[in-house]
Amino acid sequence: MAERPMPLWEVFIRSRTGLAHRHVGSVHAADAEMALQAARDTYTRRGEGLSIWVVPSAAITASDPADKGPLFEPTASKIYRHPSFYEIPEEVGHM
Amino acid sequence: MYSQALNERIEGPRVVEDPDKLAAFQARIDAEERIEPNDWMPEAYRRTLIRQIGQHAHSEVVGMLPEGNWITRAPSLRRKAALLAKVQDEGGHGLYLYAAVETLGVSREELYEQLLAGKAKYSSIFNYPTLTWADIGCIGWLVDGAAIMNQIPLCRTSYGPYARAMIRICKEESFHQRQGYEIMLTLCRGTPEQKAMAQDALNRWWWPSLMMFGPPDSESQHTEQSMRWKIKRFTNDELRQKFVDATVPQGLYLGLTFPDPELRFDETTGHWRFGPIDWSEFKRVLAGQGPCNRERLAARRKAHEEGAWVRKAVLAHAAKQRARERAQRIAAE
């Protein structure tokens, strides 16, 4: 009988106070608690973190990189979302 | 945009906190550490944040209404695209803030319910009407200008999720004030009628903009505690003065006059001194007696009620899909 695959977990670490958790990689583990321990041993051996999140990889829904055109290209033409689109005379100063 | 500190009483039973935990908490705050959702925090800190971030989120969402009023009547495609983008941003900012307040243990549904039932407050400024196109200029220049004054220090507020939401918001909002000022400048360089329209809008928006910073420090019950917890970094009066100092020269450049006969530059301090604010108006508007309070809430309720079938339908569809996948899986096994 084939061995059951070990579940995959995505690891997120908060490196400094005030920063958001950031994806650093993944680990295989049987449950959430073991995933946390494995993540600690794998990704924070040099004090890289203050806090760890582990999330079952299967719980993540990702966009298809092939869709990046239709998803993100339309914003390129919306230059009016940027402050530099608006003209403020120099005399008025920073705004 | 933003909601001022409204300084009402914090509801809920008084919780007696462990003095050791309180001291350790204050030490973390004093060391400029950020507090995160699963850290221990005093119940009053949690409640203050739920109230403040919740009001801030509601203000972003209700703030879409006065400006949305002019999208279809913007004078050019350029102005229309900019206004649409701005209103879209406000909706997004509301969502970032709702997400931040949900980390404190309140559900989105509860927050909506509080707003729609009239139990939660939002910034009083959005209870004023947008009568002419110049009002859209004034909202960007003054209301967003006041918001930026308040929001930049909030990027360093002690609660991590709130601070991170504010960083995103401030970055995106930098165009809002500029587009408003550009509208004002165009009107002021236009015909005498256009300039008069700009002046009329300034006359109506100036005082309510100053009220956005909330009651004077002398009457603000929670300022001291909020400052100690570093939720707030500046008092209402400090922020109001910074706003006046930054804004008056911008208005003078437009060739407009401010509706305040006592406004004058104080050479010795380098500050613009302004006349007394009519706090009875502020209290009236906050208590529901502003020109548009009823209209704003009615619009939010209508949108919520008319969206109910959509929310119901998507949940039913997702449940059906899950049931179908489960049935297929069982059949395959």
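**View 1. A bridge between β1 and β2 of chain A in the predicted model.** A:W9 has A:V27 as its bridge partner in β2(A), where strands are DSSP runs of type E with at least two residues, numbered from the N terminus. Strand β1, spanning residues 8-14 of chain A, is joined to β2(A) by six bridges, and the two run antiparallel; strands count as paired if DSSP finds at least two bridges between them. This is a predicted model, in which local features need pLDDT of at least 70 and side-chain atom pairs count only at pLDDT 80 or more, whereas totals for chains, interfaces and linings use all residues. Residues are numbered from 1 along each chain as its sequence is written, chains are lettered from A in the order in which they are written, and side-chain values use heavy atoms, with hydrogens and water left out.

**View 2. The open sheet of chain A.** Three strands of chain A are arranged in the order β2-β1-β3 with antiparallel pairing. The edge strands, each pairing on one side only, are β2 (22-28) and β3 (51-56) of chain A. Neighbouring strands of this sheet are turned against each other by 30 degrees on average, direction ignored, the axes being lines fitted to C-alpha atoms and angles running from 0 to 180 degrees between N-to-C directions.

**View 3. The contact between chain A and chain B.** Chain A contributes 18 residues to the contact and chain B 21 residues, contact meaning heavy atoms within 4.5 Å. The area buried between the two chains is about 1900 Å², with carbon and sulfur atoms giving 60% of it; buried area is the accessible area (1.4 Å probe) that two parts lose on being put together, summed over both. Within chain A, the residues that lose the most area to chain B are A:R81, A:Y86 and A:M95, which together make up 35% of what that side buries.

**View 4. The salt bridge between the chains.** One salt bridge is counted between chain A and chain B, a salt bridge being a side-chain nitrogen of Lys or Arg within 4 Å of a carboxyl oxygen of Asp or Glu. A:R14 forms a salt bridge with B:E36, and their closest N and O atoms are 3.2 Å apart.

How values were computed
Helix = DSSP H or I, 4+ residues; strand = E, 2+ residues; numbered from the N terminus.
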